[in-house]
Amino acid sequence: MTQQPGGLSSGVLLRRPNGRLSRSLLPLAVVVCLSLTACQDDSEPAAAPSLVPSESSPSTASATPSASPSPRLDAAAQRFLDRMRRGMGPRGTAHLEMTVAGSAPSRSSGDMRYGGRGSEIDLTTRTPKLGSGALEMVVLHDAAYVSIPGLVKAGKFIRIGKDDPRFEQLAGASLQMSPDQSVKAFRAGLISVRERGRDTVQGVSTTRYDVKADTVRALQAQGSDAVPGMPDTLTYQVWLDGQDRMRRMGLVIEGTRLTMELSRWGEPVSIAAPPKSDVVKPPPGF
């Protein structure tokens with residue numbers, strides 16, 4: 001079963017509790033997007049529409065290759081990294097919209113809050129495979145709550161505590177990373193940055209960058225292993241506004257296209273556990 005960005009496969013998460021959820025084929029998107037994860041099952045890459053084609057190099061790496069040392073950054077890459085750090089700040093909030101298109105299309109929408117303790121997120125994902133239903137996920141520091149059509153009634157959630165192995169699989173190390181740690185992890189994978197001009201995104205003037213990253217170094221900096229078959233490098237696009245905040249990220253890899261947009265920076269968000277009355281016992285076999 002396909003693991004959708006921002007969501008999870010019930011077959012993987014619920015019926016194979018000891019199974020391995022792969023880290024995303026979009027490892028740098030995780031760090032750039034303030035530590036949001038985009039998970040998928042090993043069997044099929046998720047797809048998402050990126051506005052600008054990216055390039056990737058085929059990987060011959062094993063599941064746990066040794067990463068080469070991070071290269072010395074040139075002036076352009078260092079300026080970009082400094083902008084990322086300023087734009088994130090020590091804490092904040094933002095709204096996320098993520099679109100995936102292709103063989104497993106989906107649309108995700110939600111809010112995130114981040115600070116010194118890491119990130120928290122409230123995300124809803126809709127995909128044709130779920131029909132009229134929606135997968136809902138709330139990830140907090142101490143637990144995750146998931147509502148999966150076909151397993152629980154709409155509006156009801158299963159709790160996954162932080163000591164449950166599935167919490168780490170679902171939340172990922174990146175959700176527990178502070179903004180400073182996220183920038184450091186991003187720096188570890190960064191190879192080069194090219195400024196590609198100005199674009200208007202969400203009605204705001206932005207600068208577009210092509211960012212090339214080493215996937216192994218990026219994943220290892222997050223405490224994750226590389227996935228066999230993953231490209232050695234990825235080139236994706238990042239749009240930063242005049243306040244150095246990311247407004248859009250786009251990536252294409254082996255027909256997989258992803259677009260993430262971030263907005264409403266600094267606005268109040270409500271990210272909390274569902275009411276106890278909406279938390280139910282997991283189904284048999286969980």
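This note comments on the fold, surface and charged side-chain pairs of a predicted model.

1. Basis. Local features require pLDDT of at least 70 and side-chain atom pairs count only at pLDDT 80 or more, while totals for chains, interfaces and linings use all residues of the predicted model. Residues are numbered from 1 along each chain as its sequence is written, and side-chain values use heavy atoms, with hydrogens and water left out.

2. Fold. The chain holds 6 helices and 12 strands (DSSP runs numbered from the N terminus: H or I of at least four residues, and E of at least two). Of its 286 residues, 56% are buried (under 20% relative accessible area, with exposed over 50% and partly exposed in between; 1.4 Å probe, protein chains only).

3. Salt bridges. The count is 13, a salt bridge being a side-chain nitrogen of Lys or Arg within 4 Å of a carboxyl oxygen of Asp or Glu. One of them joins D82 and R85 at 3.5 Å, N to O; these residues are 3 apart in helix 3 (residues 75-88), so about one helical turn separates them. D82 is partly exposed at 27%, as is R85 at 38%.

4. E120 pairs with R113, with the closest N and O atoms 2.9 Å apart; E120 is buried at 11% relative accessible area, whereas R113 is partly exposed at 27%. R208 and D210 form a salt bridge at 4.0 Å, N to O, and both are buried. Shared partners link R196, D199, R208 and D210 into one salt-bridge network.
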